[in-house]
Amino acid sequence: MLRRTALTAAALLATGALLLTSCSADPAPSPTTSAVADADASVALRLVSEPGNLDIRETAGAALDQLLIDNVYQGLVSRTAEQDIVPALASDFEVSPDGLTYTFTLREGVLFHDGQPLTPQDVVWSLTQVKDTASYRDSARLAGVTGIAADGQDITLTLAEPDSSLLWNLTGRAGLILKEGDTTDRKIAANGTGPFTLESWKQGDSVTLQRFGDYWGDPAGVAEVVFAYIPETQAALNAALAGEVDVVTGFDANLTEQIEAGAEFAVEVGASTDKGTLAMNSTTGPLADVEVRQAIRQAIDHDAIVEALGVGQTQYGPIPELDPGYEGLSDVVPFDPEAARELLAEAGEEDLELTLTIPSFYGTTVTQILVSNLNDVGVTLHVDQVEFSSWLNDVYTNHDYELSFVLHTEARDFENWADPDYYFGYDNAEVQELFAQSLAATDEAEAAELLAQAARIVSEDHAADWLYNGESVVAVGASISGMPTVNVNERLNLAELTKSEG
Amino acid sequence: MIRYALTRLVLLLVGLVVASVLIFLTLRVLPGDVAQMVAGVGSTPEQVAAVRARLGMDRPLFVQYVEWIAGIFRGDLGTSLLTGTPVTTELAEKAQVTVPLGIMSLLIALLFSLPLGVASALRRGRADGTLITVAAQAVAAVPVVWAGMMLVVVFAVWLGWLPAQGFPRAGWDDPAAALRSLLLPAVTIGIVEGAMLLRFVRSATLQAVGQDYVRTAAAKGLTRTQAMLRHGLPNVGLSVITVLGLQVAGIIVGAVVIEQLFSLPGIGRMLVTDVGARDLPKVQGELLVLTGFVLLVGFLVDLFHRVIDPRQREAE
């Protein structure tokens, strides 16, 4: 029973915790440098959000990608932490010069977790299923594929027109290879080819992966990985301090001193494609006026937001640095409250009131800065914190909003700016044309250059504001090596994770 | 007596029916679209419509309600929209955490509130009696969340005696580990609920002290404490049993908060997650079972009270 506000509790706790941590002055023993990896180790990772179910084909959400892709399920190709496309179930692949034929050489001797061998027919079946079943996630990403065929160990995909995003799409859900005729209940179990098998799922608590003994590649570095779903930040910190988890993903960078002082943890920060996106509904109302949108962007102190979050960097356009087509666009909207006031006056919006619809789990750090920044230029910002399901209904589906904030984590998602039906509602024929040309390009550099051009236009149109480009913050225990740190909110390949003895 | 029990039982059933209607309707007016949540971000309107039809959500509310209730009579509380598992299965699994947690919390609350409550009443006016009362008042005002966090910081993080969060994956196969992981959460709920109970025990004791039969006993040569222990306490016990019924509801609410804080996979945490995910069949099943449980406890307390207190039977 909450007798007082959570705020008071948090303040008291913070004081208490600080007092207590300052009391525990025992110096932590320094980690041994010559530690030997323990092949039988079990590693516990804290993750924030648990998937609703494990059906990778039908269920949305990055939580499922983090857990299953690379670790349990694999595609013909995969991506490295640096976002390079590399062979996975295919030992090799080749793209024809005209960009219309993709040939993959399937590895031999690959086994599914239930012991059945991977056959070329499984690959053809898997990709065809995804392409032909509209209710499967990312089904549309294979829409341009006109033929999927196997000849010996060679799998050939043919296209009517080049698609520079196809290989990337095959590294994601659309490209995952499942066993034909498999009767596994995908909602609660999995049968893949990856280095880990799905051992158990305790709903509302944890998922356990175990090393797959018959894996075709290098065996996983640890015998067991436990994904412990601990949404509460404080509970996660406590678990780390009490030595109950070895790795904390989604760590709050502002707690770095606490975790590094109290336990053998190091906080590591990696680049990510998380885009803190302030969507602006430019289809109706005051935000239909480009001057108003520009004024809002110029009123926002992006450096202050990054500083308050403790990590990340500023981002002034739709493409983050990890993705192709990135360029620095800070010149488009320098922080300038005076210019913002003038723009609002020109637009005749001196007493503007706007509503920001934001899913409640994002906290208040960003909104406090927005309210204060906009207030400085004479704009009253009402913040409407809603549950995610309400956001999904009102903002995402019905486009009923003025301003909205969501952290878009997906890599290479520029397509949303070329889709007028997306909740951004941004409709610019030139951007759509440039995006189409980029997809049709057969040269990577050319495709990236076209994306960069399109991204500049989106930013110059002030279609939205990008408050920050987030970073992955991971607190890693001293005995752990090989923990990925780049873009872990989206993918989390744990094959090389190891834990040293002692 | 039997007539009383039957009347009380009918009331219980009416209460359950009213609760079921309220639960069903309240969940339907929550903002947010279940089908959209199930279909997820990136789904087309056609995909959402297909989900809505598959879940039977395009039918009239009355039909959906009747089907839900009809299912309950077949022992079927429905199926989770997200995981596809039966609600009864998940409830049974999560009850393995929440029920022991509740029992432990109640025991801890009773363990210190009964002796301390009586003692503080009998020592009214003395320094130690006042100290207990003031301390209880202070503890009862502490938010459960804060109490839990402080206990974790001291006993898990600082001293390392008990786990900070979670429930062993082996569950009750390893009873010692399971009990250890429930101890801090149970103490947290137990002391806050117990502090409230203590104040009640104290006032019930004070009331009993002033009764004629205690005074008569004292006049016959017993000390006030002896008179109280022999003749007063049974009456205090009766009042406490009544309050315990209410306390159960408080413990359930406490469990919702504490299971979040300690990441315990129990009914409370499941409820919070399911409301957020708009997994309506699960939420309504969970709420109905919890409501039924609280009503049942009230029913049993009333019956028990009547059985052991002759005055109530005579009044009939």
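**Notes on the predicted model**

1. Asp413(A) is buried, its relative accessible area being 6%; buried here stands for under 20% relative accessible area, exposed for over 50% and partly exposed for what lies in between, with a 1.4 Å probe and protein chains only. Asp413(A) is placed in the loop between strand 15 and helix 12 of chain A, where helices (H or I, at least four residues) and strands (E, at least two) are DSSP runs numbered from the N terminus. Apart from its neighbours within four places in sequence, Asp413(A) is in contact (heavy atoms within 4.5 Å) with Lys275(A), Asp323(A) and His408(A).

2. On the basis of the note: this is a predicted model, in which local features need pLDDT of at least 70 and side-chain atom pairs count only at pLDDT 80 or more, whereas totals for chains, interfaces and linings use all residues. Residues are numbered from 1 along each chain as its sequence is written, chains are lettered from A and ligands numbered from 1 in the order in which they are written, and side-chain values use heavy atoms, with hydrogens and water left out.

3. Chain A as a whole has 13 helices and 18 strands, and its C-alpha trace spans about 70 × 65 × 40 Å along the principal axes. Of the 502 residues in chain A, 51% are buried, and among its contacts with a separation of 6 or more, 69% come from residues 24 or more positions apart.

4. Helix 5 of chain A (residues 233–241) has eight of its nine residues buried, so it is largely enclosed by the rest of the structure. The buried residues include Gln234(A), Asn238(A) and Leu241(A), and just after this helix Gly243(A) takes a positive phi of about 75 degrees.

5. How many aromatic pairs are there over all chains? The count comes to 24, where rings of Phe, Tyr and Trp (its six-membered ring) pair if their centres lie within 6.5 Å, and planes under 30 degrees apart count as stacked, over 60 as edge-to-face and the rest as tilted. One of these is the tilted pair of Tyr401(A) and Tyr423(A), with 5.9 Å centre to centre and 55 degrees between the planes. Tyr401(A) lies in the loop between helix 11 (388–397) and strand 15 (403–408) and Tyr423(A) in the loop between strand 15 and helix 12 (429–440), so the pair ties together parts of chain A that are 22 residues apart in sequence. Tyr401(A) and Tyr423(A) are both buried.

6. In chain B, Phe24(B) and Trp68(B) form a stacked pair, 6.1 Å centre to centre with 25 degrees between the planes. This pair links helix 1 (residues 2–29), which holds Phe24(B), with helix 4 (residues 61–73), which holds Trp68(B), across 44 residues, and both Phe24(B) and Trp68(B) are buried.

7. Between the chains, 51 residues of chain B are in contact with 48 residues of chain A. The two chains bury about 4,200 Å² between them, 57% of it on carbon and sulfur atoms; buried area is the accessible area (1.4 Å probe) that two parts lose on being put together, summed over both. Val41(B), Gln165(B) and Arg169(B) supply 15% of the area that chain B buries against chain A, more than any other three residues.
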